[in-house]
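Biologist: I would like to learn how to read a few features of a structure like this one. Please start with the terms, then show me the case at hand.

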Amino acid sequence: QVQLVESGGGLVQPGGSLRLSCVASGSRFSIIAMGWYRQTPGKQRELVAAITHGATTNYADSVKGRFTISGDNAKNTIDLQMNSLQAEDTAVYYCNAVEVDNRWSQRDYWGQGTQVTVSS
């Protein structure tokens with residue numbers, strides 16, 4: 001069972017920056033990708049940014065050029081540097097990890113979520 005611990009959320013003014021971090025532990029197999037998703041009330045959870053074990057990244061169009069995801073495979077950690085934050089970025093941000101076992105079956109794990117609020 002993989003546990004994900006998130007940190008770094010909070011309140012920031014428009015135009016400001018925040019850095020989210022996530023640490024994965026307890027994996028018995030291989031974590032092949034990790035990422036950040038976000039959700040606001042009444043809306044589906046959406047991908048913000050993801051990074052594979054091979055360092056391939058993927059970003060939502062709305063955050064390209066403002067957010068940067070990075071990872072450390074050895075430590076199973078990822079960070080999300082968020083710059084030029086806008087009110088529309090306000091959401092609960094969830095860390096995600098994709099684990100693959102020795103039969104190549106994938107399983108998703110989720111963190112508890114951390115609130116990011118962008119407001120003046």
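Modeller: Buried means under 20% relative accessible area, and exposed means over 50%. Keep in mind that this is a predicted model.

Biologist: Is cysteine 95 buried or exposed?

Modeller: Cysteine 95 has 0% relative accessibility, so this residue counts as buried. Cysteine 22 is also at 0% and therefore counts as buried.

Biologist: Which residue does cysteine 22 join in a disulfide?

Modeller: In general, a disulfide is a covalent bond between the sulfur atoms of two cysteines. Here cysteine 22 is joined to cysteine 95, with an S to S distance of 2.0 Å. The two belong to distant parts of the chain, 73 residues apart: cysteine 22 is in strand S3 and cysteine 95 in strand S9. The link is left-handed, with -90 degrees about the S-S bond. The count for the model comes to 1 disulfide.

Biologist: How many residues are in the largest nonpolar core?

Modeller: A nonpolar core is a set of buried residues of the listed nonpolar types, joined through side-chain atoms within 4.5 Å. The largest one here has 29 residues, and those with the most contacts inside it are Leu4, Met34, Trp36, Leu80, Met82 and Tyr93. Strands S3, S4, S5, S7, S8, S9 and S11 each supply at least two residues of this core.

Biologist: What does methionine 34 touch?

Modeller: Leaving out residues up to four places away in sequence, methionine 34 touches residues including Leu4, Ala50, Ile69 and Ile78. Both cysteines of the disulfide, Cys22 and Cys95, are also among its contacts.

Biologist: Now a charged residue. What is the nearest side chain of opposite charge to glutamate 99?

Modeller: A salt bridge needs a side-chain nitrogen of Lys or Arg within 4 Å of a carboxyl oxygen of Asp or Glu. Glutamate 99, in strand S9, is buried but has no salt bridge; the nearest side chain of opposite charge is arginine 107, at 6.2 Å. The glutamate 99 side chain does make a polar contact with the side chain of serine 27, at 2.7 Å. Other residues touched by glutamate 99 include Val2, Phe29 and Tyr109.

Biologist: And lysine 43, buried or exposed?

Modeller: Lysine 43 is in the loop between S4 and S5. Its relative accessibility is 59%, so lysine 43 counts as exposed. Between lysine 43 and asparagine 58 there are 21 Å, C-alpha to C-alpha, for a separation of 15 residues in sequence.

Notes
Residues are numbered from 1 along each chain as its sequence is written. This is a predicted model: local features need pLDDT of at least 70, side-chain atom pairs count only at pLDDT 80 or more; totals for chains, interfaces and linings use all residues. Side-chain values use heavy atoms; hydrogens and water are left out. Buried means under 20% relative accessible area, exposed over 50%, partly exposed in between (1.4 Å probe, protein chains only). Helices (H or I, at least four residues) and strands (E, at least two) are DSSP runs, numbered from the N terminus. Contact means heavy atoms within 4.5 Å. A disulfide is a pair of cysteine sulfur atoms within 2.5 Å. Lys and Arg count as positive and Asp and Glu as negative; His and the chain ends are not counted. A polar contact is a pair of N or O atoms within 3.5 Å; within protein, one must be able to donate a hydrogen and the other to accept it, and residues adjacent in sequence count only if both atoms are side-chain atoms.
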